[in-house]
Amino acid sequence: MCDNINIALLTKDLGKVGLHLLNNNILISHDGASEFYRFIILYQNYMTNSHDYGDGVPHSMVEMHILTLICDNPGITVGQVAESWGCTKGAASQNITKLEKKGLLVRTKLLNNAREVHIYPTEMGHKLSTSHKEYDRNVETSFSEKLLERCSIAELENFSKIMNLYSDIVEEEMREFKK
């Protein structure tokens, strides 16, 4: 028996699909994988690029989502922000510091435990978070309308299902890395 067998199929719906038998394990790959990574790169760039969310100051999407998390959970700690975002405490702290320097957040130490720091939004932080939520609603509506012009509801439901499953798998892998 061969260790490696490659079979390429051409289908109308999927484009070129490859079935690979590697050590008796079947692997399915197709040209869509490169499109998936293209999407990830584009979206990552979109998330890190700065936008004006209503206060005339550019902020990254990551900063705004962290601000909104804190507005929705006043008194949250850096560790809780990091856990929620799946990042290190250092990365969360860097974004929190940026928001603090912009006057959108304040850190407060507990009187009985100076090592425990809680984060609260300022009034300006609350206003910007509200503007950001409206911005997100408008963008999501626009994207949804554009997708519905090009895809059926069934296709969008399947896409959503796949993305949820993929997210679950990535979260499982991330938990394994932390062990």
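Student: Quick one to start: is Lys-127 buried or exposed in this model?
Tutor: Lys-127 is exposed, since its relative accessible area is 55%, and anything over 50% counts as exposed. Please keep in mind throughout that this is a predicted model.

Student: Okay, and which side chain does Lys-127 meet in a salt bridge?
Tutor: The partner is Glu-123, and the salt bridge between the two side chains spans 3.5 Å from N to O. Glu-123 is exposed as well, with a relative accessible area of 58%.

Student: How far apart are Glu-123 and Lys-127 in helix α5?
Tutor: They are four residues apart in helix α5, which means that about one helical turn separates them.

Student: How many salt bridges are there in the count?
Tutor: The count comes to five. One of them joins the side chains of Arg-137 and Glu-134, at 2.8 Å from N to O. Because Arg-137 and Glu-134 lie three residues apart in helix α5, this pair is also separated by about one helical turn. As for accessibility, Arg-137 is partly exposed at 45%, and Glu-134 is partly exposed at 37%.

Student: What about Asp-72, which side chain does that one meet?
Tutor: The side chain of Asp-72 meets that of Lys-133 in a salt bridge of 3.0 Å, N to O. This pair links distant parts of the chain, because Asp-72 sits in helix α2 while Lys-133 sits in helix α5, 61 residues apart. Asp-72 counts as partly exposed, with 46% relative accessibility, and Lys-133 counts as partly exposed too, with 32%.

Student: Switching topic: you mentioned α2, so at what angle do the axes of α2 and α4 cross?
Tutor: The axes of helix α2, residues 61-72, and helix α4, residues 89-101, cross at roughly 85 degrees and come within 10 Å. Angles of 65 to 115 degrees count as roughly perpendicular, and therefore α2 and α4 are roughly perpendicular to each other.

Student: And which residues meet there?
Tutor: From α2 the residues are Val-62, Glu-63, Met-64, Ile-66, Leu-67 and Ile-70, and they meet Asn-95, Ile-96, Lys-98 and Leu-99 in α4. Sorted by class, this contact has seven nonpolar, one polar and two charged residues.

Student: Now Tyr-53, where is its place in the chain?
Tutor: Tyr-53 lies in the loop between β4, residues 50-52, and β5, residues 58-60.

Student: Is Tyr-53 buried or exposed there?
Tutor: Tyr-53 is buried, because its relative accessible area is 3% and the cut-off for buried is under 20%.

Student: What does Tyr-53 touch?
Tutor: Leaving out residues up to four places away in sequence, Tyr-53 touches His-59, Ser-60, Met-61, Met-64, Leu-128, Ser-131, His-132 and Tyr-135. Leu-128 is 75 residues away from Tyr-53 along the chain, yet their C-alpha atoms are separated by 7.0 Å.

How values were computed:
Residues numbered from 1 in each chain as written. Predicted model: local features only at pLDDT ≥ 70, side-chain atom pairs only at ≥ 80, totals over all residues. Heavy atoms only, no water. Helix = DSSP H or I, 4+ residues; strand = E, 2+ residues; numbered from the N terminus. Buried < 20%, exposed > 50% of the residue type's maximum accessible area, 1.4 Å probe, protein only. Contact = heavy atoms within 4.5 Å. Axes fitted to C-alpha atoms, helices over the stretch in contact; angles between N-to-C directions. Parallel < 35°, antiparallel > 145°, perpendicular 65-115°, else oblique. Nonpolar A, V, L, I, M, F, W, Y, C, P; charged D, E, K, R; others polar. Salt bridge = Lys/Arg side-chain N within 4 Å of Asp/Glu carboxyl O.
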